[in-house]
Amino acid sequence: MSMSSRSKTTLCPSKLATSPAKVIATIQGESNRTRPEDGTESIALDEEQACEVSPEPGKRKSNTHGETPESKRLKLSPTPPANGNTNHPTQQSSESADLPGNITKDTWQGFCEIESEPAFFNAILQDMGIESINVREIFSMLPDYLETLQRPIYGLILLYSYRSQGSSDTPEHKSDHVWFANQLPAQNSCATLAMINIVMNSTEIEIGEHLRQFKDFTKDFTPYQRGEAFASFDFVKKIHNSFAKNMDILEADKHLSYKIKRSQIKQKDKKGRRKSGDSAATDDSAEGHEENAHHFIAYIPVGNEIWMLDGLNAQPINVGTFNAEQGDDWVLSAADSILAVLASGGDDYTGFAIMPSTLPELRRQACRTTNHMKSLESQLDATSPDWRSFVTDSDSPHTDPAVLGIEDQLQTYPTPSNVIATIASEGLEDLLKRRTKLLKDLNHFSTSIISEMQDEADSARKATQARFDHGPVIKLWAEMLAENGYLEQNLDRFIGPRGGSKKGNK
């Protein structure tokens, strides 16, 4: 997929005595190797630098039979890092997953493929120091669906089958007030960069010390210079690559080598007729991979303007305006631009929304309600010491504040003096009615908090599991099975008898 020449400079770049635990322990030393400096330089290619997906990406199917839309199946595979001796990634499956030299995911200088899973994006943002933020998947970009989403929304991210949206080398609107970084060639960073471009422009998100220093450092940079700084920002790169597997790195380097070779062949073609040794198959060996390129772009509100932040463009693009004072919703206003981008690409897309976590606000409400309940029950004790005889066990709160994580916050949200005065003026019947309502509210907040805490725990567990590379474990286990003769003894069970017979053992 060719890109416009104007955007070249900003392109995206089982018989076994040994237990699995012992196998894992055996490879621990291998996972901590370091990579020597190899002096690899960044390579800017002429075309096809969009972030890419594996050759068979999960696609969002149209919901014609009432099924739940598929999600979280896309693998981000933008253009790999500029160092490697690689070929087409689809040829890698039978090869060793050992990395060359002393490369590890902590020292590899590229950005890896990661699955487009909100749990992973949440982990990335949290590890960067951004708290109380949620990345939620959204299943449609139609306004009717977007209206149902929680507000506020700090930014939208669109993952779609890439098509050039034109160049913004000469923007129509002044964009100095928008923090924007380009995506450099040979970098698989479009998802993380889209999130960075969003949080850097929000006045409501606490971005943490590392990102704050980076923002201050790059405040006077051009978008391309910010992109160069981002590509060298090891703090973010290590967090992003914490999801890398050895095979991901090998395939990324392999695909980069293919792109470099093709670029070199095209340069030769400009000088003269191709030699017979350079077959056409050389150019076409990874075309299917290129055709499946997917890309992340971001939409944000800045002031009363809506901006599309596409790292492949030289500058951000103003796609509309809205008036919050008149009740305009920037998300709905942005939908027109998003749907225009999707118009020629069918339903092969995924959306994400960056929004505040509901847990802090739920805990604040639970604190206020708990303190309100304490003030109320104190007044009931003063009004009618035997008031508890009028209530049952089911009319009492059952959730300990410590379980809800609010024990240390209760003193921060005391009952307002005017509420205390109102409680003091009420009779027993009114006080009991007030208590019933407060109890209902408190149980609602408790249930919601526990649900959110469980969701966060599930998300963290999913991210932790995804960061473990099972490849070396499986490889070492298979080698041990081969060494003790198990594989050879049971070979016919898997590939059938030799001699060409198609009938196999069952």
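1. Two strands count as paired if DSSP finds at least two bridges between them; helices (H or I, at least four residues) and strands (E, at least two) are DSSP runs, numbered from the N terminus. In these terms, strand β2 (residues 155-161) pairs with strand β3 (residues 294-302) in the antiparallel sense over six bridges.

2. The model is predicted: local features need pLDDT of at least 70 and side-chain atom pairs count only at pLDDT 80 or more, while totals for chains, interfaces and linings use all residues. Residues are numbered from 1 along each chain as its sequence is written, and side-chain values use heavy atoms, with hydrogens and water left out.

3. The protein has 18 helices and six strands. Of its 506 residues, 46% are buried (under 20% relative accessible area, 1.4 Å probe, protein chains only).

4. β2 also pairs with strand β6 (residues 349-356), again antiparallel and over six bridges. Leu156 stands opposite Tyr299 in β3, and the bridge partner of Ile157 in β6 is Phe352. Seven of the seven residues of β2 are buried.

5. Helix α2 (residues 118-127) packs on helix α15 (residues 428-466) at about 90 degrees, with the axes 8 Å apart (lines fitted to C-alpha atoms over the stretch in contact; angles run from 0 to 180 degrees between N-to-C directions). α2 is therefore roughly perpendicular to α15 (65 to 115 degrees). The contact (heavy atoms within 4.5 Å) involves Ala119, Phe120, Asn122 and Ala123 of α2 with Ser459, Lys462, Ala463 and Ala466 of α15.

Terms used:
Buried < 20%, exposed > 50% of the residue type's maximum accessible area, 1.4 Å probe, protein only. Parallel < 35°, antiparallel > 145°, perpendicular 65-115°, else oblique.
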